Amino acid sequence: MDFRLPEEIQMLKQTVKDFVYQTVDPRAKEIEDKDEIPLEIMEMSKELGLFGLSIPEEYGGLGIGMVGKCAIYEELGKTSNGFTTVIGGHTGIGSVGIVEMGNEEQKRKYLPPMARGEWIGAFALTEPGAGSNAANLKTTAVRKGDKYILNGSKHFITNGSIAQVFTVMAVTDPMMGPKGITSFIVERDFPGFRIGKIEEKMGLRGSHSVELFFEDCEVPVENVLGREGQGYVNALKILANGRAGLAARNLGSCVKLLELSIEYAFQREQFGKPIFEQQIIQHYLAEMALDIEALRSLTYRVAWMVDEKMNVIKEAAMAKLLGSEVYNRVADKALQIHGGMGYMKEMPVERYYRDARITKIYEGTSEIQKNIIAAQLKKEFLKSQNRIMG
């Protein structure tokens with residue numbers, strides 16, 4: 001395994017680092033207060049190619065691999081998680097389905113404007129009755145001539161308020177269970193498609209989640225993504241692919257929190273000396289650093305496995321699980337180190353602390369990741385037993 005980055009990726013990483021430090025982070029509190037990403041930051045993101053990270057060069061994107069993408073995500077994680085989620089939601093689950101499973105016609109239609117950030121992507125799976133149990137979808141799709149008619153609703157859809165292109169999962173054959181789910185590319189202005197209200201969330205300010213409604217929504221047959229009945233498998237692939245990226249974003253936030261905590265520990269004095277000299281503070285910082293390096297190693301190993309086209313179902317779940325748990329542990333220790341100041345909105349630690357909590361829930365809860373890991377362990381064990389018996 002070689003995690004050394006090519007020179008062009010190193011240059012992009014430095015450019016993104018400068019962008020985050022000089023442009024985005026100074027306005028992180030503004031993003032928080034106004035609950036929106038400033039237009040100029042969005043435009044600069046387009047100019048840097050951030051919306052085309054996952055999209056191949058032939059369709060106008062940067063076409064970088066998962067290791068390179070994780071390096072960029074790590075830098076983005078060091079600022080407003082709302083801003084990072086807008087980018088990550090688009091370059092991850094919002095576009096990877098079309099990149100990986102779209103036919104040539106679909107790729108040529110959708111990917112170039114998505115790479116330029118002109119069309120934002122979103123992933124629509126979750127419903128009121130189908131979250132962790134993704135196979136329990138109620139949104140239906142019935143074919144009528146050269147169209148499918150979709151009826152149902154989705155909620156908690158990231159980027160839904162600004163997206164032009166939605167990867168939507170719907171039931172085409174209710175008798176087939178998970179094998180009766182199909183994925184569709186739905187455009188914002190398709191007849192019968194309506195964007196609902198923006199949800200009010202604990203954190204991730206600037207990143208909006210919405211309800212979606214399909215009321216006899218007309219979707220052309222050519223907008224089926226993959227083949228009919230492959231939607232559930234597609235969803236699992238899309239989610240698994242994005243888990244290393246999500247871990248990298250969490251990693252960046254953890255690094256930022258450690259930096260803030262060390263700086264504060266040297267500035268803040270108690271009992272006549274900087275609190276860094278208190279052994280308990282040193283232990284907190286050491287534990288944070290240890291967690292961060294463990295997460296870094298796993299994240300980039302899984303990213304390398306993705307680039308090598310290896311099966312990463314188990315390892316991707318591990319990366320997502322560890323990334324979420326580490327982020328929450330690091331945020332908790334950072335707030336404790338900052339004491340009362342850490343609880344105040346004027347300090348960024350308070351924002352990271354709230355933003356960390358969703359990572360144990362979205363794109364597969366921590367409990368679901370453990371289920372996936374255990375299922376893969378069982379599969380590996382039975383396979384090894386069959387080999388021994390055979």
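In this predicted model, two salt bridges are found across the interface of domain 1 and domain 2. Ten residue pairs, both members at pLDDT 80 or more, are in polar contact between domain 1 and domain 2.

Several helices build the face of domain 1 that touches domain 2. Helix H2 (28-34), helix H5 (81-91), helix H6 (96-101) and helix H7 (104-115) each supply at least two residues. H5 gives the most to this face, with six residues. By class, the residues on the domain 1 side divide into eight nonpolar, ten polar and five charged.

The chain is assigned three domains: domain 1 (7-116), domain 2 (121-229) and domain 3 (233-383). The C-alpha centres of domain 1 and domain 2 lie 23 Å apart. In the contact between them, 23 residues of domain 1 meet 20 residues of domain 2. About 1800 Å² is buried between the two domains, and carbon and sulfur atoms give 57% of that area. Three residues stand out on the domain 1 side. Asp-35, Gln-106 and Tyr-110 supply 30% of the area that domain 1 buries against domain 2, more than any other three residues.

Helix H5 is mostly covered. Eleven of its eleven residues are buried. The buried residues of H5 run from Asn-81, Gly-82 and Phe-83 through Thr-84, Thr-85, Val-86 and Ile-87 to Gly-88, Gly-89, His-90 and Thr-91.

Salt bridges were then examined over the whole structure, which holds 25 of them. Side chains of opposite charge can pair when their charged atoms come close.

Glu-350 and Arg-354 both lie in helix H11, four residues apart, which is about one turn of the helix. An α-helix has 3.6 residues a turn, so residues three or four places apart point the same way. Glu-350 has a relative accessible area of 11% and is therefore buried, the cut-off being under 20%. Arg-354 is buried too, because its relative accessible area is 15%. Elsewhere, salt bridges that share partners join Arg-27, Glu-30, Lys-34 and Glu-40 into one network.

A further salt bridge joins the side chains of Glu-287 and Lys-333, at 3.6 Å from N to O. Glu-287 lies in helix H9 (residues 279-307) and Lys-333 in helix H10 (residues 313-338), so the pair ties together parts that are 46 residues apart in sequence. Glu-287 is partly exposed, because its relative accessible area is 38%. Lys-333, with a relative accessible area of 16%, is buried.

Ser-183 is found in strand E5 (residues 181-187). Ser-183 counts as buried because its relative accessibility is 0%. The side chain of Ser-183 makes a polar contact of 2.8 Å with that of Asn-234. With neighbours within four places in sequence left aside, Ser-183 is in contact with Val-168, Met-169, Asn-223, Val-224, Leu-225, Gly-231 and Asn-234.

His-155 lies in strand E3 (residues 147-158). His-155 is buried, with a relative accessible area of 15%. Not counting residues up to four places away in sequence, His-155 touches Thr-126, Glu-127, Pro-128, Glu-199, Val-210 and Glu-211.

Note on methods:
Residues numbered from 1 in each chain as written. Predicted model: local features only at pLDDT ≥ 70, side-chain atom pairs only at ≥ 80, totals over all residues. Heavy atoms only, no water. Domains from an automatic or database assignment. Contact = heavy atoms within 4.5 Å. Buried area = accessible area lost by both parts, 1.4 Å probe. Salt bridge = Lys/Arg side-chain N within 4 Å of Asp/Glu carboxyl O. Polar contact = N/O pair within 3.5 Å; in protein donor to acceptor, adjacent residues only side chain to side chain. Nonpolar A, V, L, I, M, F, W, Y, C, P; charged D, E, K, R; others polar. Buried < 20%, exposed > 50% of the residue type's maximum accessible area, 1.4 Å probe, protein only.
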